[in-house]
Amino acid sequence: MSILILSATSDIAQENAQLFLQRNERLILAARNPSLLQALAEKLHAPEKIELLPYDATVDLRDNDAAEDFWSRCQETSRQRWGEPIEGIYVAQGFLPHADTRGWKTELSPTLFLNFTSLAFFLESVARWQEANRECATLRWIAVISSVAADRGRLSNYPYGAAKAGLDTYLSGLRARLFHVGVHVLTIKPGLVRTKMIRGRKQESSSTVVSAQRVARHIDRAIRMRQNIVYTPWGWRWWMMLVRWIPESIFKRLSF
């Protein structure tokens, strides 16, 4: 199986890449920084199973046409390297703005674009292609990393939460759409994970932070079990249920 990993240099994606390789999968690793991509390829020690594909979401996923061209390039890369189409898509692309609301003036646009809009452009291209090539398409699954932040808009990060909430709703509809053409869609909702994204932020010292390895194992199992939505670690499902139950009259007074 050939798997495309978007934002492959993210910490969680790197862990999942190793798990995929253990099952003899072939990987197209796509990310913005070519040097980090090369370093990742060397770290994984499987040159015969890896192809590198630098991409910049602000260019390659800027609109529908660009996203279609990028998806075509991804497929052509797999065919040229291994003579087979892509069967799995793993999306780890994301951007976390700073908690200080004064910085959101410049960070609002990339927060919405990188966490939602660009991914919608890309996944719509995939969906249209799958439907148009239903008889010969071999895509089996799509797994996309969202966040527990999508479950309710909080004072500290509501632009990020809003983008992820939009992504969650989009993936729910996409899951129903692609079910009819044989593609399973998984929504991944991590809590706090020890990654570069929270390094140097106050969240890093939280007692709820878990390792990227642990989250990757949960994701890998969810893909194989064809789950629709996975909270990771699982306790976040119940915690966020409680958060959603807090009345708005009380919730708006909280500062977390």
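Which residue forms a salt bridge with E51, and how far apart are the closest N and O atoms? The legends below, prepared from a predicted model, take up this pair and then turn to further close-up views.

**Figure 1. The salt bridge between E51 and R81.** R81 is the partner of E51, and the closest N and O atoms of the two are 2.6 Å apart. E51 belongs to strand β3 (residues 50-54), whereas R81 belongs to helix α4 (residues 64-82), so the pair ties together parts that are 30 residues apart in sequence. E51 is partly exposed, with a relative accessible area of 24%. R81 also counts as partly exposed, at 31% relative accessibility. In general, side chains of opposite charge can pair when their charged atoms come close.

**Figure 2. The salt bridge between D220 and R23.** In this view, the closest N and O atoms of D220 and R23 are 2.8 Å apart. D220 is found in helix α7 (residues 212-225) and R23 in the loop between α1 (11-22) and β2 (26-31); the pair therefore ties together parts that are 197 residues apart in sequence. D220 is buried, because its relative accessible area of 5% falls under 20%. R23, with a relative accessible area of 34%, is partly exposed.

Figure 3. E76 is partly exposed, with a relative accessible area of 37%. R79 likewise counts as partly exposed, its relative accessibility being 38%.

**Figure 4. A network of salt bridges.** Five residues are shown here: E68, E124, R128, E131 and R177. Salt bridges that share partners join these residues into one network. A search of the whole structure finds 16 salt bridges.

**Figure 5. A nonpolar surface patch made by W239, L242 and W245.** The patch formed by these three residues covers about 400 Å². One of them, L242, lies in helix α8, which comprises residues 235-245. L242 is partly exposed, with a relative accessible area of 47%.

How values were computed:
Residues numbered from 1 in each chain as written. Predicted model: local features only at pLDDT ≥ 70, side-chain atom pairs only at ≥ 80, totals over all residues. Heavy atoms only, no water. Patch = residues over 30% accessible without salt bridge, like charges linked within 9 Å, V, L, I, M, F, W, Y side chains within 5 Å. Areas by Shrake-Rupley, 256 points an atom, 1.4 Å probe, with all protein chains shown as cover. Salt bridge = Lys/Arg side-chain N within 4 Å of Asp/Glu carboxyl O. Helix = DSSP H or I, 4+ residues; strand = E, 2+ residues; numbered from the N terminus. Buried < 20%, exposed > 50% of the residue type's maximum accessible area, 1.4 Å probe, protein only.
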